[in-house]
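Please consider the aromatic contacts of the complex shown below, together with the confidence of its prediction.

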Amino acid sequence: MNHPDTVRCWRCSHEHPPALFCPACQAIQVLPSQIDYFRVLGIPRRPVVNEAELTRRYYDLSRRLHPDLYQTGTAEEKEASLKNTALLNRAYRTLRDLPERGQYWLELQGERLGKDNNRVPAELADLVFEVQEKLAEVREARVAGKDTAVQTELEQIRADLNEQLASLRRALAKNLAQWESDRQAPELLRNLKNLLSEIAYLRTLSRDVEKESEIQWNV
Amino acid sequence: MERIVGIDLGTTNSLIAFIDEDTPRVIPDPQTGDPLLPSVVAFLADGCTLVGQPAKELVTEQPLTTIQSVKRFMGLGMEHVTGDDHRRYRFADSQGIVRFTVHGRQYTPPEISALILCSLRERAEAYLQESIHKVVITVPAYFNDSQRQATKDAGKLAGLEVIRLLNEPTAASLAYGLDKKEEGLIAVYDLGGGTFDISILRLHTGIFEVLSTNGDTRLGGDDIDQRLAERFLLAGLPEALQHDPRVLSSAQQTAEAAKRALSTAEGTRLVLDIPDQGVHISHTLTRREMEDAIADIIARTLAPCHQALKDAGLSPRDIEAVVLVGGATRMPLVRQRVGEFFGRTPLADLNPDEVVALGAAVQADTLSGRRRDMLLLDVVPLSLGIETMGGVMSRLIERNTTIPASVKEMFTTAVDDQTAVDVHVLQGERELAQDCRSLARFKIPIEPQPAGVPRVEVTFLVDANGILNVTATDLRTGRERSVEVKPSYGLTDREIERLLEESIDFAEEDVTRRLLIEARTEADTMLHATEKALRHHASLLAEGEEIPLLAAVQALQEARAGEDYNHIRDLIDALSEATTPFAQRIMDTSIQEALGQKRLSEL
């Protein structure tokens with residue numbers, strides 16, 4: 001994630017480190033798109049964030065950058081406002097969500113989740129198998145017109161998945177907190193990767209279950 | 001600072017509002033004082049168009065050429081047109097963008113909406129005594145990209161600069177927030193004439209942050225009217241009459257009036273009387289009967305409410321205030337159902353018909369730079385993505401992402417020397433491309449290279465209007481490449497240009513036609529008077545006066561048959577001059593007669 005050390009203000013040509021506003025003339029600047037999300041939001045680059053502060057920073061920056069406030073501005077100002085706000089929104093969306101932030105943190109370390117991300121993680125095999133089987137039952141029951149049975153089954157599956165997700169998230173939060181003191185431990189990295197793929201997998205599964213329940217009230 | 005006004009371009013009614021010394025105000029019709037402009041356009045046989053109340057009055061008389069609820073067709077393709085629509089209107093094609101056929105001419109929904117916008121603009125210009133160019137137009141939050149684009153096109157066709165498309169529930173929250181200085185979590189339930197929206201917002205120190213939105217762009221008061229018409233008026237009629245456009249539109253109007261009455265009364269009379277078709281129906285409808293007949297329509301609004309809450313990670317009890325918007329929320333059953341769902345009595349202190357327009361005016365004030373104390377953070381209502389291998393929808397921007405939002409995708413080639421990559425943009429929540437809405441297709445031009453070598457980065461940016469913009473950059477050359485996006489259900493830029501040119505031509509043609517009609521009318525009056533004078537007062541003609549006078553009459557008659565209004569005017573003047581002495585003599589004589597044969601000079 002390299003970005004230039006200094007940039008030149010489009011209005012007054014002042015050279016400065018990348019910033020939202022030119023330190024010399026205060027004109028809004030387009031941030032280099034490679035800049036990291038922590039810098040966009042102006043918070044410490046750490047895998048654990050203070051959520052209240054994150055939201056406060058997001059609101060403050062929105063109040064200064066949003067395109068609504070540059071409607072009467074020049075073409076350069078409008079473009080900078082649009083691009084920066086899009087970047088700010090993406091940064092906030094990523095950092096406020098624990099698994100997203102974890103994944104982003106890995107990317108910042110030059111790590112990626114492997115291509116075999118779609119394979120069922122070993123620890124989840126039993127649960128996944130059970131859920132798939134139950135979903136099949138639910139579909140059959142629906143065809144047979146046993147709607148109340150379907151409803152109870154779905155509720156049960158949902159509860160199981162949510163419980164599992166919650167415990168994985170707790171483990172993820174703990175691992176991310178450890179990262180601060182124990183920066184490069186290969187075991188920590190492996191743990192983090194496993195947790196993230198498990199969460200990603202469960203989220204997809206959970207989406208399937210939600211879809212099934214949406215069919216319920218869409219009828 | 002140029003003024004920006006707010007427009008609520010509604011399915012049933014449209015409004016225009018402005019900020020009058022910090023207070024948003026709706027501009028009423030100068031004649032009737034009515035703040036609502038019925039969103040109805042009537043095309044007359046002589047080529048003129050009527051908008052608003054006069055058009056609405058023609059609905060039952062000329063249903064095929066009077067277009068109602070055009071908003072329901074914005075950004076849609078012919079495959080979305082229902083059987084009922086086909087019974088009600090004539091359409092030009094069986095596929096592609098919707099085009100109405102009226103008096104042998106074709107009109108797209110944006111063109112018809114543009115006529116409504118022009119009418120609102122005239123209203124505002126007359127009231128404010130200044131010309132209006134810039135507007136904020138509201139759209140249902142759940143409008144997809146094509147529907148938004150169509151609304152923007154309507155603005156362009158009306159000669160307006162659309163500064164912002166604003167989501168209707170968000171606009172309503174602005175009007176409420178302004179009023180109440182609310183903080184906390186609110187839900188805006190907006191049931192309009194043709195669309196339903198639910199938005200969940202967090203209000204915090206002047207920031208209006210939309211957490212989630214959901215809805216149905218084909219669910220509204222119109223559906224209720226139609227149900228009542230079918231169940232209580234049309235059901236007893238012979239099949240042929242049930243499909244008759246005049247019977248259908250009368251039944252719908254009767255149903256609408258009954259629905260309104262039943263918001264306050266417990267019972268009303270339904271009367272459908274079309275003597276020349278032998279239709280006479282009259283019976284009593286109680287509120288209870290109506291509610292039983294439409295309960296399922298109201299129930300359909302609750303699924304989106306449920307989904308929006310879930311997407312925001314909230315439960316109904318978390319909501320601290322529920323705001324009702326849209327005329328249909330006046331129905332007691334709606335209030336009851338919404339109240340039950342959220343477990344609290346909904347707020348309806350602002351006029352549900354006006355609140356969206358008022359909010360649009362507030363946002364226009366911010367956009368014009370006058371106001372900086374409130375800020376809207378809105379979301380994209382439906383996921384955006386592209387079609388990938390095997391016809392799968394690959395989501396790039398998830399629904400309920402705060403806008404502006406952007407995402408970059410890398411594209412490369414699959415075979416050697418490929419010169420373009422085709423991209424198919426989709427919107428929707430389904431897994432397969434075929435189940436999502438096709439928004440547009442475009443080609444990324446690529447310089448011939450071995451397969452996999454070219455690297456083109458495509459940026460998908462959803463702007464603050466909720467409209468998608470696409471740019472492509474060739475990473476090898478660093479050159480930005482323009483992509484021409486072909487909308488699946490919209491007008492191309494070229495088509496808009498052509499329509500704009502035509503509308504200018506038509507405007508000229510309209511003026512010409514009007515001047516010609518006026519000149520002919522005046523010529524008729526003149527010819528008639530001259531002929532009468534010659535018949536009754538031939539004795540008063542001076543020597544040698546008759547021949548040039550008859551020549552002038554004949555010349556005017558010939559000119560009248562032609563199309564040149566200037567020529568007609570010239571000859572009216574010529575005839576008037578030729579008859580002046582004669583007319584003077586007639587006048588003198590009449591006065592003399594009246595005064596008992598006294599000469600003028602004696603008076």
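The report below covers confidence and then aromatic pairs.

This is a predicted model, in which local features need pLDDT of at least 70 and side-chain atom pairs count only at pLDDT 80 or more, while totals for chains, interfaces and linings use all residues. Residues are numbered from 1 along each chain as written, chains are lettered from A in written order, and side-chain values use heavy atoms without hydrogens or water.

The predictor assigns the complex an ipTM of 0.87 and a pTM of 0.82.

Rings of Phe, Tyr and Trp (its six-membered ring) pair if their centres lie within 6.5 Å; planes under 30 degrees apart are stacked, over 60 edge-to-face, and the rest tilted. By this rule there are 17 aromatic pairs over all chains.

| Pair | Geometry | Centre to centre | Angle between planes |
|---|---|---|---|
| Phe73(B) and Phe91(B) | tilted | 6.0 Å | 50° |
| Phe341(B) and Phe342(B) | edge-to-face | 4.9 Å | 75° |

Phe73(B) lies in the loop between strand E7 (66-68) and helix H2 (83-88) of chain B, and Phe91(B) in the loop between H2 and strand E8 (100-102), so their pair ties together parts 18 residues apart in sequence. Phe341(B) and Phe342(B) are both buried.

In chain A, ring pairs join Tyr37(A), Phe38(A), Tyr104(A), Trp105(A) and Trp179(A) into a cluster.

Conventions
Helices (H or I, at least four residues) and strands (E, at least two) are DSSP runs, numbered from the N terminus. Buried means under 20% relative accessible area, exposed over 50%, partly exposed in between (1.4 Å probe, protein chains only).
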